[in-house]
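This report looks at one strand and its neighbours, and then at some contacts of aromatic rings. Please have the sequence and the 3D view open while reading.

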Amino acid sequence: MAEAVGQAMATQGAVCVFGDPGRKTAAVRMALSEVPPGWKVTWAPVPVRPSVAGMRRAVFDALALAGRFPHTSALADAAVAEALGEARVLVVDEAQRLSVPCLEYLQSLWDHPGTRITLVLCGAGSERALSRLPQLASRIGAWQEVPRLAAAEVAPAVTGFHPLWRTVPAPDLTWIDQSCAHGTFHTWAALTAHLQNALLTTADASVDRALLRRLFKRVAPPL
């Protein structure tokens, strides 16, 4: 992942990150945790019912531009293009929702002569969304699939994600994954939040299997 994104940054290219739900966003964040000096990273979430107007607003808001959102699309596009004149990775999260007009809008930002963008399209099914716009898909420099965590990846991934898991023995991490998370990073993240809350609000609480079993019911759907 880091190599694919790094190569795209070197050429101001584009990357599509896809695969099973639950790990892609975390993988992209880890890959972008340290970017070269002079680079910025902006995350632009895709609206639930995306339109070009909604995507334009999402990018504007993600850039945290000063002032109110412009009253015309031309003014908004000019402000966005100016901000994207700096070297920047623009990460579009939940890209599987993108319609063809939204993809065309993002391509227009990427192609604008005044912008310096590395475009990262991230989401489960984002590769299928890109198939709707072959002229953009043909220019993707790397198609990066991120599968669920393999058993050997669990301990390094979760201990790197949050220091709380560094106190838990590796066999217990394996048990947690087999019993509840099943390689899905979203589940690990939710479990982390519930565990933190339990340790803060329950007297004498400790990370043991009894507590974890109770928390499993909060983060995993019933069978």
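## A buried strand

Strand β1 covers residues 14-18, and five of its five residues are buried, so β1 is largely enclosed by the rest of the structure. Buried means under 20% relative accessible area, exposed over 50%, and partly exposed in between, with a 1.4 Å probe and protein chains only. Helices (H or I, at least four residues) and strands (E, at least two) are DSSP runs, numbered from the N terminus.

This is a predicted model: local features need pLDDT of at least 70, side-chain atom pairs count only at pLDDT 80 or more, and totals for chains, interfaces and linings use all residues. Residues are numbered from 1 along each chain as its sequence is written, and side-chain values use heavy atoms, leaving out hydrogens and water.

In a regular strand the side chains alternate between the two faces of the sheet. From β1, Ala14, Cys16 and Phe18 point one way, while Val15 and Val17 point the other way.

## Strand partners

Strands pair if DSSP finds at least two bridges between them. Four bridges join β1 to β4 (residues 116-122), and the two run parallel; here Cys16 has Leu121 as its bridge partner. Four bridges also join β1 to β5 (residues 142-145), again parallel, with Phe18 opposite Glu145.

## Charges over rings

A charge sits over a ring if NZ of Lys or CZ of Arg is within 6 Å of the ring centre and within 35 degrees of the ring normal. Arg139 lies over the face of Trp110, at 4.5 Å from the ring centre. Arg209 lies over the face of Trp175, at 4.3 Å from the ring centre.
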